[in-house]
Amino acid sequence: IAMGEGGSLDTIIENKTGIFFKKQSANEIIKAVNKFIENKHKFKPEFIREHTAQFDESQFEKKLLNLIEKEWDKWQKTMR
């Protein structure tokens, strides 16, 4: 359960891996918690685990290294 802005929009799939609330108020958070309780049977732990795996530190490192290598190769080609 997270506020529907910023990084949570990049990492949470609405109603599949989490639930958003729109405003930072007790009422909105209570509504989000109640929505989760009513729909918790729709959340599939295996899907959530698979989805979150892409944000694992090792995945981040791998993607960052690939990006650096790609940009380094591009830069080297411009220096020839």
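I take buried to mean under 20% relative accessible area, exposed over 50%, and partly exposed in between (1.4 Å probe, protein chains only).

**Set-up.** I am working from a predicted model, in which local features need pLDDT of at least 70 and side-chain atom pairs count only at pLDDT 80 or more, while totals for chains, interfaces and linings use all residues. I number residues from 1 along each chain as its sequence is written, and side-chain values use heavy atoms, with hydrogens and water left out.

**Salt bridges.** I counted 3 salt bridges, each being a side-chain nitrogen of Lys or Arg within 4 Å of a carboxyl oxygen of Asp or Glu.

- Lys74 pairs with Glu71, with the closest N and O atoms 3.2 Å apart. Both lie in helix α4 (residues 57-78), 3 residues apart, about one turn of the helix. Helices here are DSSP runs of H or I, at least four residues, and strands are runs of E, at least two, numbered from the N terminus. Lys74 is partly exposed at 45% relative accessibility, and Glu71 is partly exposed at 35%.
- Lys31 pairs with Glu28 at 3.1 Å, N to O. I find both in helix α2, 3 residues apart. Lys31 is partly exposed at 46%, whereas Glu28 is buried at 15%.
- Glu14 pairs with Lys35 at 3.7 Å, N to O. Glu14 lies in the loop between α1 (8-11) and β2 (20-21) and Lys35 in helix α2, so this pair ties together parts that are 21 residues apart in sequence. Glu14 is partly exposed at 31%, and Lys35 is partly exposed at 32%.

**His51.** I looked up His51 in helix α3 (residues 45-53). His51 counts as buried, at 11% relative accessibility. A polar atom of the His51 side chain lies 2.7 Å from the backbone oxygen of Thr11. Leaving out residues up to four places away in sequence, His51 touches Thr11, Ile12, Ile13 and Thr17; contact means heavy atoms within 4.5 Å.

**Nonpolar core.** The largest nonpolar core has 5 residues: Met3, Ile19, Phe21, Ala32 and Phe43. A core is a set of buried Ala, Val, Leu, Ile, Met, Phe, Trp, Tyr and Cys residues joined through side-chain atoms within 4.5 Å. I also checked Phe43: beyond its neighbours within four places in sequence, its contacts include Ile19, Phe36 and Ile48.

**Ile29.** I placed Ile29 in helix α2 (residues 26-39). Ile29 is partly exposed, with a relative accessible area of 37%.

Notes. A polar contact is a pair of N or O atoms within 3.5 Å; within protein, one must be able to donate a hydrogen and the other to accept it, and residues adjacent in sequence count only if both atoms are side-chain atoms.
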